[in-house]
Amino acid sequence: MPLSFEGRVVLVTGAGGGLGREYALAFAERGAAVVVNDLGADTKGGGKSSAAADKVVEEIRAKGGKAVANYDSVEDGEKLIQTALDAFGRIDIVVNNAGILRDRSFARTSDLDWDLIQRIHLRGSFLVTRAAWNHMKNQKFGRIIMTASAAGIYGNFGQANYSAAKLGMLGLSNTLAVEGRKYNICCNTIAPVAGSRLTETVMPPDLVASLKPEYVAPLVLWLCHEQCQENGGLFEVGAGWIGKLRWERSQGRIVRQKNKPMTPEAVQAEWDKICDFTNATKPASVQESLQSVVSVLSEVESEGEVGANPTAAPASM
Ligand code: NAI
């Protein structure tokens with residue numbers, strides 16, 4: 001059965017071009033009413049124009065779809081959600097996609113380079129999502145996408161500001177997944193790769209042309225569908241490939257003995273084992289994480305020996 005979005009209202013931020021435009025077109029094609037938000041800024045966050053959003057709205061309407069434009073910055077989160085409520089009476093899905101770059105080596109990163117990136121990516125996603133949250137809670141349905149980046153997951157030269165904001169969004173998503181679960185609000189994060197005006201400065205032209213946004217959009221649509229229960233996930237996606245990421249934790253070592261001070265030398269002595277990922281565990285919640293740490297207290301108390309392994313406790317698996 002085709003996945004339909006009939007009756008759903010979707011806000012896509014930064015939908016005037018690149019990936020956001022593709023999401024907006026794809027949702028509309030499957031019956032959703034779409035708010036096409038775009039400030040019409042340049043890639044560094046300067047300027048303002050209604051043209052980008054208007055063009056996508058026209059494209060959607062020309063194909064018989066439902067769409068309205070919104071030209072506010074994501075920093076005015078309430079206004080974006082108000083546009084959805086005014087035009088379509090509800091908000092079901094928020095795709096936090098708007099973004100800019102202000103790449104600089106770390107030493108040259110100015111206060112403005114830092115602040116603008118945090119404001120648009122992290123704070124903007126917070127403000128837009130918070131404005132939608134209670135509507136989603138009350139209707140017991142919501143799907144939220146955060147857009148992170150490989151630069152945040154792995155680090156990338158010249159992107160300290162952007163990396164920090166992008167993984168900040170993953171932290172935000174993780175907690176929204178926890179808080180939203182009982183209201184059928186799912187929040188997931190993607191780290192996409194696609195040719196766009198953001199990447200045309202760093203990728204060769206043939207790669208920009210080949211890595212089409214349409215090879216990313218189907219993941220976003222699936223994660224936002226009512227049939228999809230995925231929550232708190234992180235996905236890398238591009239070129240038609242999708243992979244899921246998760247945290248891995250080494251078995252680790254206890255480097256403390258009962259009634260003795262814990263020393264950096266003991267850390268040094270066990271370093272290889274601390275960093276050895278053989279039989280690594282995959283904790284997936286704060287509870288799981290804490291449980292194994294707390295269990296160390298009694299292990300040290302009862303055994304008092306170096307070498308016991310906190311994450312080996314069956315309860316922590
Ligand atoms: P893009 O530049 O084509 O699209 C971003 C859109 O956001 C633009 O249309 C821009 O006008 C809009 N925008 C900027 N500031 C805004 C604001 N304050 N309020 C509302 N709209 C605003 O770039 P692209 O590549 O489509 O990027 C989309 C998202 O994906 C961004 O968050 C980007 O950081 C992220 N991303 C993209 C990657 C790629 O390979 N294209 C890689 C990793 C992450």
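A: What follows goes through the pockets, the ligand and the cavity in turn.

The model is predicted. Start with the layout. The domain assignment gives two ranges: domain 1 covers 9–245, and domain 2 covers 264–316. Their C-alpha centres are 38 Å apart.

Now the largest pocket. It holds about 1,000 Å³ of space. Its lining is made of 49 residues. Nearest the centre of this pocket are G99, I100, Y162, S196 and L198. Four helices each supply at least two lining residues: α1 (18–29), α4 (111–139), α5 (150–154) and α6 (160–180). Of the elements, α4 gives the most to this lining, with four residues. By class, the lining of the largest pocket has 22 nonpolar residues, 19 polar ones and eight charged ones.

A polar backbone atom of L19 lies 2.8 Å from an oxygen atom of the ligand. N97 also has a polar backbone atom 2.8 Å from a ligand oxygen. How much of the ligand does the protein bury? Taken alone, the ligand exposes 830 Å², and the protein buries 96% of that.

Turn to the second largest pocket. It contains about 760 Å³ of space. Here 23 residues form the lining. N174, G232, W247, P283 and A284 lie nearest the centre of this pocket. The elements that each supply at least two residues are α6, β8 (241–245) and α11 (286–303). The largest share comes from α6, with six residues. So α6 has a part in both linings: it is also one of the helices that supply at least two residues to the largest pocket. The lining of the second largest pocket divides into 11 nonpolar, seven polar and five charged residues.

Where does the second largest pocket lie relative to the two domains? Domain 1 and domain 2 both give residues to its lining, so this pocket lies between them.

A probe the size of a water molecule, rolled over the atoms, shows where empty space is left. A search of the whole structure finds one cavity of 30 Å³ or more. The volume of the largest cavity is about 30 Å³. Its lining consists of T13, V74, N96, N97, A98, I120, H121, G124, S125 and V128. Again α4 gives the most, here with five residues. The lining of the cavity has six polar residues, four nonpolar ones and no charged ones.

V74 and N97 both line the cavity.

How values were computed
Residues are numbered from 1 along each chain as its sequence is written. This is a predicted model: local features need pLDDT of at least 70, side-chain atom pairs count only at pLDDT 80 or more; totals for chains, interfaces and linings use all residues. Side-chain values use heavy atoms; hydrogens and water are left out. On a 1 Å grid over the protein atoms alone, a cavity is a set of points where a 1.4 Å probe fits but cannot get out, and a pocket is an open set with protein on both sides within 12 Å along at least five of seven lines; lining residues have an atom within 4 Å of a point. Grid points are joined across faces, edges and corners, and a volume is the space filled by probe spheres set on the points. Ala, Val, Leu, Ile, Met, Phe, Trp, Tyr, Cys and Pro count as nonpolar, Asp, Glu, Lys and Arg as charged, and the others, Gly among them, as polar. Domain bounds come from an automatic or database domain assignment. A polar contact is a pair of N or O atoms within 3.5 Å; within protein, one must be able to donate a hydrogen and the other to accept it, and residues adjacent in sequence count only if both atoms are side-chain atoms. Accessible areas come from the Shrake-Rupley method with a 1.4 Å probe; for residues, only the protein chains shown count as cover.
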